[in-house]
Amino acid sequence: MGKESAGFGLGAELRQHRKALRLTQAAVAKAASVAERTVRDLEQGGGTLASFLAVLAALELTVAGRNLPGGATLGERIATLRRRRGYSQASLARTLNVSRPTVRALERESTGRLATLQEAFSVLGAGAYLAPANGKAAFYNHAGNASVHHGWETPSELLEALYRVFGRFDLDPCAPRRTRTAVKAAAHFTVEDDGLNLPWRGIVFLNPPYGRTLSAWIAKAHEEVRSGRAKTVVALLPARPDTRYWHEHVAGKAVVYFLRGRLRFGGIDQAAPFPSALVVWGSNPEMLAGLDAALPDAWRAG
């Protein structure tokens with residue numbers, strides 16, 4: 001137990017904690033003054049936040065998170081994290097596919113559905129988990145972004161071409177900093193957020209570190225689109241079609257635009273020592289037509 005779990009997330013963690021305490025669902029229900037069915041629903045990711053918080057109180061658990069800030073209430077902590085990520089209540093509501101009053105109630109009153117809370121944590125990259133209320137939270141060390149700051153920011157002229165097709169992106173999971181970034185996106189994950197271990201949503205722009213973790217980022221991009229979590233991932237990568245990761249995650253699985261010449265990245269005086277490619281997972285004909293027009297000198301494959 002610790003980081004955001006697969007499956008039912010916080011509900012699954014609740015079940016693990018209950019079992020570790022050797023308690024039945026009936027015993028937890030009695031202690032929390034809720035129905036046994038309610039506990040069962042919560043452990044499957046359903047139910048209300050009011051019931052969830054009541055059960056946490058009965059088990060002396062709290063919601064912690066690698067990136068979840070402090071605050072008097074859970075809703076206040078969510079609101080602070082939302083603002084840090086650059087979301088408005090309206091934009092977060094659109095991303096979650098809920099109404100703005102739902103987000104407002106979540107932040108002001110800590111009310112709503114557990115599923116909405118879980119999805120909000122996922123989108124905001126909270127790294128949420130359950131921990132003992134009176135004990136020290138476990139520390140989880142993620143090394144996925146250890147080499148994320150490679151100092152080579154995406155050329156502005158390439159970004160401007162992409163904005164003509166996509167407008168503002170939903171996420172930049174490899175941002176060198178939180179604010180004043182080159183990439184226009186609703187949310188930015190930095191090295192502290194560990195974007196390699198967080199779910200991605202919507203249309204994502206990826207300029208990953210080009211070191212030892214490059215293959216992991218490419219596999220992540222492919223999987224996020226394949227699983228349906230992200231709609232589209234547009235990645236600026238070294239053009240290395242001879243590599244194993246290219247054959248496993250790019251060839252036959254994405255559309256590739258081989259860019260002409262050598263790019264000059266932001267912060268670097270000389271041109272890159274390798275050719276570059278724009279790799280697109282989750283494309284459609286309209287999108288490709290827009291990219292064809294925006295990148296007239298690129299050669300499209302796939």
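Reader: How many aromatic pairs does a search of the whole structure find?

Author: The search finds six aromatic pairs. Rings of Phe, Tyr and Trp (its six-membered ring) pair if their centres lie within 6.5 Å; planes under 30 degrees apart count as stacked, over 60 as edge-to-face and the rest as tilted. This is a predicted model, in which local features need pLDDT of at least 70, side-chain atom pairs count only at pLDDT 80 or more, and totals for chains, interfaces and linings use all residues. Residues are numbered from 1 along each chain as its sequence is written, and side-chain values use heavy atoms, with hydrogens and water left out.

Reader: Is the pair of F169 and F205 stacked or tilted?

Author: The pair of F169 and F205 is tilted, at 5.5 Å centre to centre and 45° between the planes. F169 belongs to strand β3 (residues 169-172) and F205 to strand β5 (residues 202-206), 36 residues apart. Helices (H or I, at least four residues) and strands (E, at least two) are DSSP runs, numbered from the N terminus. Both F169 and F205 are buried; buried means under 20% relative accessible area, exposed over 50%, and partly exposed in between (1.4 Å probe, protein chains only). Ring pairs also link Y163, F166, F169 and F205 into a cluster.

Reader: Which residue lies over the face of F274?

Author: A charge sits over a ring if NZ of Lys or CZ of Arg is within 6 Å of the ring centre and within 35 degrees of the ring normal. Here R240 lies over the face of F274, at 5.6 Å from the ring centre.

Reader: Which residues of α7 are buried?

Author: In α7, the buried residues are V103, L106 and E107. They cover an arc of only 90° around the axis, so they lie on the same side of α7; the arc is that of the directions from the helix axis to the C-beta atoms. The exposed residues R108 and E109 are on the face turned away from the buried side of α7. Contact means heavy atoms within 4.5 Å, and the buried residues of α7 pack against α4 (49-58), α5 (74-85), α6 (89-96) and α8.

Reader: Where does R22 lie?

Author: R22 is in the loop between α1 (10-20) and α2 (25-32). R22 has a positive phi of about 60° and is exposed, with a relative accessible area of 77%.
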